[in-house]
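Hi,

Here is the structure I promised to pass on. Have a look at it first, and my notes on what turned up follow below.

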Amino acid sequence: MQEKYIDETKQGEAFAVAEKPENSKKLFLESYGCQMNFSDSEIVASILNEQGYNTTMKVEEADLILLNTCSIREKAEQTVRMRLSQFKNLKKERPNMTVGVLGCMAERLKTKFLEEEQLVDLVVGPDAYRDLPNLLKETDDGRDAINVILSKEETYADINPVRLGGNGVTAYVTITRGCDNMCTFCVVPFTRGRERSRDPHSIIEECKELSNNGYKEITLLGQNVDSYLWYGGGPKKDFAKASEMQKATAINFGQLLDLVAKAVPEMRIRFSTSNPQDMSLDVFHMMAKHENICRYVHLPVQSGSNNMLKAMNRQHTREEYLELIRKAKEIVPDVSFSQDMIVGFCDETEEDHQDTLSLMKEVEYDYGYMFAYSERPGTPAHKKMEDNIPADVKQRRLAEVIALQGELSRKRMISYVGKVHQILIEGISKKNKNQWKGRNSQNAVCVFDQLEGQKIGDIVDVFVYGNTQGTLLGRMVE
């Protein structure tokens with residue numbers, strides 16, 4: 001996905017797969033927001049598959065409707081509320097239908113959904129999906145059901161996700177849950193709980209199984225993958241209390257990357273999302289060591305101003321971020337970066353804004369996810385800071401950031417022209433059914449004419465002869 005402006009709050013996406021023929025009940029499952037939510041939906045589908053549910057794309061035939069929701073921005077919550085209103089009308093026609101909300105909005109707006117607005121029958125937080133069978137028994141008996149308890153241990157490591165939708169080529173593998181970084185603008189620590197890592201053996205086994213099933217690329221997922229730390233289980237914050245043996249045998253993210261790259265050498269490996277304060281140069285050394293680790297990092301900075309970074313409680317400075325980028329490019333010269341940027345945060349001055357623009361020029365991001373600040377209830381910024389930048393100023397600054405990123409994206413795309421790239425074929429181009437689409441190691445999308453004998457999942461050499469702002473144009477090298 002490379003566009004001038006990308007809203008990470010995706011529209012709802014419904015999935016269905018062929019599952020157990022003996023299952024009699026129908027589940028309509030729709031996901032919103034980040035990749036983590038889509039990965040969680042696969043866990044939910046797996047749990048409910050064992051309870052007699054097969055997924056369906058037809059909402060009108062569903063016995064159970066679940067929305068896996070996002071609270072990261074106001075727009076996401078508005079979209080979900082509108083969708084729930086539609087289901088409320090449908091429920092009048094089918095009173096036995098159960099409607100539930102999962103994920104971050106479930107955690108944040110539990111009582112509103114159940115009691116005040118009466119939009120749903122079921123509210124389940126991101127750490128309580130194992131409890132779905134019990135909660136559904138409650139709703140079957142005519143009672144509303146809720147479990148939004150956050151866990152310090154839950155990683156769903158033993159659950160084999162049902163792969164929903166997708167192309168059968170790329171898949172997500174969750175390695176961490178929760179977040180300990182208390183950025184003042186962010187609701188994630190409150191909706192997803194403390195940070196904990198998954199057993200590396202279960203991660204490797206899942207990757208091997210995906211490889212055996214024909215998948216060609218995995219993305220290791222977490223709110224903050226660089227913070228991965230396995231020492232036998234438990235929250236990362238308790239690592240200081242671990243035994244000397246646990247500390248000596250602990251595995252960090254760089255080491256996990258090394259293990260996964262060796263375990264599935266035929267698969268491409270990506271990871272998301274990274275945090276500058278936790279990113280280690282070991283990660284880039286592993287990238288340089290293993291050809292199958294893609295040369296791409298999504299490294300959110302949020303602002304180029306030290307004043308704003310401090311106000312946001314980002315645990316890095318502008319200078320530290322740029323030094324990390326510089327060293328990474330020394331270790332992996334062909335690495336690419338993308339960004340998250342928030343404009344119009346509390347007290348942001350014009351000088352702060354110019355600092356953001358200058359940082360973008362220095363890094364030369366391939367693309368970015370850019371937003372005007374929207375206050376999120378319950379966050380430190382909402383409680384202690386004034387959202388005092390006028391809407392018209394926010395929009396003007398956002399437009400300038402988007403325009404600059406457009407220039408940088410075009411420049412980066414041009415840098416790929418005239419070279420041969422290895423492209424993983426992920427599907428058919430939306431604009432031309434006679435062309436393939438795929439991505440190179442740097443995550444740039446490429447389209448090229450289909451030739452006889454090719455299929456989805458093949459990795460092919462493509463000569464790139466041209467580009468648009470967000471897409472490479474190529475032809476196969478025979």
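Starting with the lining of the largest cavity: its residues split into six nonpolar, three polar and five charged. In this scheme Ala, Val, Leu, Ile, Met, Phe, Trp, Tyr, Cys and Pro are nonpolar, Asp, Glu, Lys and Arg are charged, and the others, Gly among them, are polar.

Before going further, some ground rules. This is a predicted model, where local features need pLDDT of at least 70 and side-chain atom pairs count only at pLDDT 80 or more, while totals for chains, interfaces and linings use all residues. Residues are numbered from 1 along each chain as its sequence is written, and side-chain values use heavy atoms, with hydrogens and water left out.

On confidence (pLDDT is the predictor's own score per residue, from 0 to 100), the protein chain has a mean of 91, with 95% of its residues at 70 or more. Residues 1-11 stay under 50, though the model gives them 41 contacts beyond four places in sequence (contact means heavy atoms within 4.5 Å). Where pLDDT is low, the predicted coordinates should not be read in detail.

A cavity is a set of points on a 1 Å grid over the protein atoms alone where a 1.4 Å probe fits but cannot get out; a pocket is an open set with protein on both sides within 12 Å along at least five of seven lines; lining residues have an atom within 4 Å of a point. Points are joined across faces, edges and corners, and a volume is the space filled by probe spheres set on them.

There are two cavities of 30 Å³ or more. The largest holds about 70 Å³ and has 14 lining residues, with Ile43, Pro161, Thr174, Arg198 and Glu206 nearest its centre. Helix α1 (35-49) and strand β8 (170-174) are the elements that give two or more residues to that lining; helices (H or I, at least four residues) and strands (E, at least two) are DSSP runs numbered from the N terminus.

The second largest cavity has about 40 Å³. Its lining includes Lys329, Phe337, Tyr365 and Arg412, and divides into four nonpolar, one polar and four charged residues.

The second largest pocket comes to about 490 Å³. Of its 22 lining residues, Glu291, Asp334, Gln422, Ser441 and Gln442 are closest to the centre. Strand β18 (residues 420-428) gives the most to this lining, with three residues.

Cysteine 34 sits in the loop between β2 (25-31) and α1, and counts as partly exposed because its relative accessibility is 34%. Cysteine 104 is in helix α3 (residues 104-108) and is buried, at 8%. The cut-offs are under 20% relative accessible area for buried, over 50% for exposed and in between for partly exposed (1.4 Å probe, protein chains only). Leaving out residues up to four places away in sequence, cysteine 104 touches Thr69, Cys70, Ser71, Thr191 and Arg192.

Over to you!
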